[in-house]
Amino acid sequence: MLSQLIINGIIAGSIYALIAIGYTMVYGVLKFINFAHGELFTLGGYFTYLFFVVCKLNFVFSCVLAILAVMLTGILIERIAYRPLREKSRLATLITAIGISIFLQNIIILAFGSRVKSIRFSGMGQSLEVMGVFITPIQIAIFFATVILMIITFLFINKTKLGKAMRSVTDSIKTAQILGINVDRAISTTFALGSALAAIAGILVSLDQDMWPTMGINAGLRAFTAAVLGGIGNIRGAVLGGFVIGLVENIAIWNLPSGLKDMIAFLILLCILWFRPIGLLGKVKDEAV
Amino acid sequence: MDYVIWVAVITELFIILSTSLNLTVGVAGVLSLAHAAFYGIGAYCSALLSQNIGTPFWFNVLVGSALAGVFGLLLGIPSLKLRGDYMAIATLGFGEIIRVGLNNWESFTGGAAGIAGIPRPSLFGFRFDSPERYLVLVSFFTVVSVIIIYRIANSPFGNILKAIREDPVAAEALGKNTTYYKILALVIGSVFAGMTGALYACYITFIHPSNFTLFESIFVLCMVVLGGMGSIKGSVIGAIVLVTLPELLRFVGIPSGLVAPCRQILYSIALIFLMLFRPRGIWGESDITKS
C-alpha cells in the first residue's frame, strides 16, 4: 500500500515539478507570479486533443503542434498583457494574470465544452503489476520524460548563450540592458521554455487521465506551492518542491480522509509563507517574500 | 417583478461586498483574494445557527460577522508582514482551505450538497418572508454599511491606511505600525463580508460551497477595480454595473449554458483592459499600477 502511494506521489510530483519550473523561471526574470501558467498546462492537453482527435493528425505531429501552439500563446500573453506593465507594480501584473487565467479557462469551455475529454489510447492505460505496485506505461513515461526534460532545461539555461542571457536578466534587468543583452528576447525565451514544459506536462497528464477546462487551477496552484516551497526563482528548488508536494499529498491520504488531499498543498503554502518565506533552497541574500 | 427585486437584492449584497473589499484593497492597499471565504463563513455560521439552534436573526448576523472577523484576524496576523503579491497568494490559499473545508466536512456543513431550508429572518415578531419586505431589510443594511465604510475611509484612521498604501516606509517613519493597521483593514473588510453572507443565506435559503469560490472573490475585485481603488462611490457603481449588465445577456438570446462562460470572459477582459489602460478605474484616487 505504502509503495503504491509513493509511486503515485512520484508521478504526480513529476507533473508538478514540470509546471513549477515555469513559475519559478518567470518569477526569476520578471519577479511576479504568472497566475495564468496553469492554463498553459491545460491548453497543452486540449491542443493535442484538437489536433489528434478532432483533426485526426498523426499523434507525434499533433503533440509537436500543440507544444508550439502553447509556446506561442505564452509568448503572446507576455507581449500583450505583461510587457506594458513591466515597470509597474507587481499587484497590477498579478491582477492582469488572474484576468488572463479566467479568460483562457472560459475560452476552452466555449471551444470544447465543460465536460471531460480524453485522448487515452486503448491498451496504454492498462496497469502493469510490478512487485505489488500498479503502474501504467504512461506513468513510467511521465517519470522518464520529466527527468529528461529537466536535464535539457538545466543544460539550456547553463550552457547556451540564450540561457546565459536569461540568467543575467534574472540577476538584474537593468544591468543586463546596460551590457547590451536583448532583454525582451530573453524574457520571451523564458516564457517559451516555461510554456513548452507546461504543455508537455499537460499532454502527459491528458494521456493518463481525463481532462477538463479548469484542471489548470488545481495543478497550477500546487505547482506554484512547489515553487515557493523550493525557494521561488530557484529551478532546483522547484523540482524538489514538486516531488515533495506530490509525495506528501499522496502519502497523507493513507491515514487522512481523501477530501483533505485538496487542502494539503494550501496548508503547506501557508506554512511556508508564514514560517520560511525563502523556501527550502532559497538563500537569505535572495529577495525574501 | 420578483425577478427585478431579486436582481436588486443581489446588487445590494454585492454593494456591501465591493465597498468593504475596497476598504481592504483600495484604501489600505492589501490585495485580499479571500473575500468570498469570509462571505461564506458568515453565511454558513448564520445558516447553521438558525437551523441547528434556532437563534434569532439579529444574533446570527452578529455572530456570523464576528466569526468572519476572527478568521480575518487569524489570517492577517501571520500574513500581513509578507510583501504585496505573496500576501495576496496567502489570502488565496486561505480562501481555498475554507472552501475545501466546507466541501468536505460533511457531518457539519452538509458537504457539496450544502444547506437547504434556511429560515427567513424575523425581527421583533415581524417576518421578512416576501421579496418586497426582504428588499427593505437588505436596503437598510446596505445603506448603513456603505455610510459606515465611507466614514471609515475618510476618517483619520482611513487617512493612515491611505498613507500606508502610498508609502509604507514614510508611514513607518511617522511612527505608524503598518502591519497593525493593515490587519485592522482586513478584519473590518471581513466583518462586513461575514454580515453579507448571513444576509445572503437567509434570503436564498440554500447555500453550498460553490457560492464562495475564488472566482467570487475575483468577481468582487473586478467591481473594486472598475469603480476605482479607494473610491467607495466607485465600488457602489462597479457592483451595480457588474451585477445588472450580465443579466442583460439573458435577454439577448445567448443559450443559457453559454451565459456563465460569456460573463466570465467579459469580466476577465474588463480586468485586463482596466489594468492596461485605465488602472484608476472610474473614480479611483489611487493608481495600483505604480510601483
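This is a predicted model: local features need pLDDT of at least 70, side-chain atom pairs count only at pLDDT 80 or more; totals for chains, interfaces and linings use all residues.
Residues are numbered from 1 along each chain as its sequence is written, and chains are lettered from A in the order in which they are written.

The contact comprises 36 residues from chain A and 37 residues from chain B, two residues being in contact if their C-beta atoms, placed from the backbone, lie within 7 Å. On the side of chain B that touches chain A, at least two residues each come from helix 3 (57–79), helix 4 (84–104), helix 10 (214–227) and helix 12 (256–277) of chain B. Helices (H or I, at least four residues) and strands (E, at least two) are DSSP runs, numbered from the N terminus. Helix 4 of chain B contributes the most to this side, with 14 residues. The side of chain B that touches chain A divides into 23 nonpolar residues (Ala, Val, Leu, Ile, Met, Phe, Trp, Tyr, Cys and Pro), four charged residues (Asp, Glu, Lys and Arg) and 10 polar residues (the others, Gly among them).

Most residues other than glycine have a negative phi. A:K31, which is not a glycine, has a positive phi of about 60°; A:K31 lies in the loop between helix 1 (2–30) and helix 2 (37–54) of chain A. A:K31 counts as partly exposed because it has 16 C-beta neighbours inside 10 Å. A residue is buried with 20 or more other C-beta atoms within 10 Å of its own, exposed with 12 or fewer, and partly exposed in between, with C-beta atoms placed from the backbone. For B:T205, also a residue other than glycine, phi is positive, near 65°. B:T205 is located in the loop between helix 9 (178–204) and strand 4 (206–207) of chain B, and is partly exposed, with 14 other C-beta atoms within 10 Å.
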